[in-house]
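Colleague: I have a model open and some labels to check. Can we go through them one by one?

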Amino acid sequence: QLQLVESGGGLVQAGGSLRLSCAASGRTFRIMGWFRQAPGKEREFVSAVSRSSGTTFYASSVKGRATISRDNAKNTASLQMNNLKPEDTAVYYCAAGAVIGSRVANEYAYWGQGTQVTVSS
């Protein structure tokens with residue numbers, strides 16, 4: 001059965017760190033990434049990593065604070081976020097697809113259920 005399962009969300013104080021993980025099953029994907037959606041806002045791209053070359057992509061809002069990695073043997077992708085800010089509060093979704101470098105949600109065919117990240121000030 002094809003699915004993406006996220007883990008690692010939670011409550012953290014501003015300046016703290018979190019590591020989000022996404023485990024894929026059922027098939028492999030050319031690209032895996034993370035999007036987030038805050039209340040009342042549209043879903044936005046956070047980061048992505050390609051399977052073959054390991055090329056990484058970041059939104060400007062998290063660049064320098066986030067590191068995405070991928071373990072092809074385990075079919076997982078992880079997002080380490082440091083120096084978290086209250087504006088990082090959102091539901092974070094793991095996504096997978098075939099368009100390398102895409103930052104557009106509808107170009108990702110598969111989605112996890114989401115994990116809540118709350119950053120307190």
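Colleague: Which side chains of strand β1 point to one face and are buried, and which point to the other?

Modeller: This is a predicted model, to begin with. In β1, residues 3-7, the side chains alternate. Leu4 and Glu6 point to one face and are buried.

Colleague: What makes β1 and β3 a pair?

Modeller: Two strands pair if there are at least two bridges between them. β1 and β3 (residues 18-25) have five bridges, in the antiparallel sense. So they count as paired. One of the contacts to look at is Ser7, whose bridge partner in β3 is Ser21.

Colleague: How do you know that β3 also pairs with β8?

Modeller: Use the cut-off of at least two bridges again. Six bridges join β3 to β8, so the two strands pair. They run antiparallel. Leu18 stands opposite Met81 in β8.

Colleague: What is the order of the strands in the open sheet, and which stand at the edges?

Modeller: The order is β1-β3-β8-β7, with antiparallel pairing. β1 and β7 stand at the edges because each has a single partner strand. One side of each is left without a neighbour in the sheet. Neighbouring strands are turned by 15 degrees against each other on average, direction ignored.

Colleague: Why is the contact of Arg36 and Glu44 called a salt bridge?

Modeller: The cut-off is within 4 Å, from a side-chain nitrogen of Lys or Arg to a carboxyl oxygen of Asp or Glu. Here N to O is 2.6 Å, so the pair qualifies.

Colleague: Are Arg36 and Glu44 buried or exposed, or in between?

Modeller: Buried means under 20% relative accessible area. Arg36 has 5%, so Arg36 is buried. Glu44 has 36%, between the cut-offs of 20% and 50%, so Glu44 is partly exposed.

Colleague: What makes Arg36 and Asp88 a link between parts of the chain?

Modeller: They form a salt bridge, with the closest N and O atoms 2.9 Å apart. Arg36 lies in strand β4 and Asp88 in the loop between β8 and β9, so the pair ties together parts that are 52 residues apart in sequence.

Colleague: How do you know that Asp88 and Arg65 are buried?

Modeller: Asp88 has 1% relative accessibility and Arg65 has 9%. Both values are under 20%, so both residues count as buried. Asp88 and Arg65 also form a salt bridge, at 2.8 Å.

Note on methods. Residues are numbered from 1 along each chain as its sequence is written. This is a predicted model: local features need pLDDT of at least 70, side-chain atom pairs count only at pLDDT 80 or more; totals for chains, interfaces and linings use all residues. Side-chain values use heavy atoms; hydrogens and water are left out. Buried means under 20% relative accessible area, exposed over 50%, partly exposed in between (1.4 Å probe, protein chains only). Helices (H or I, at least four residues) and strands (E, at least two) are DSSP runs, numbered from the N terminus. Axes are lines fitted to C-alpha atoms, for helices over the stretch in contact, and angles run from 0 to 180 degrees between N-to-C directions.
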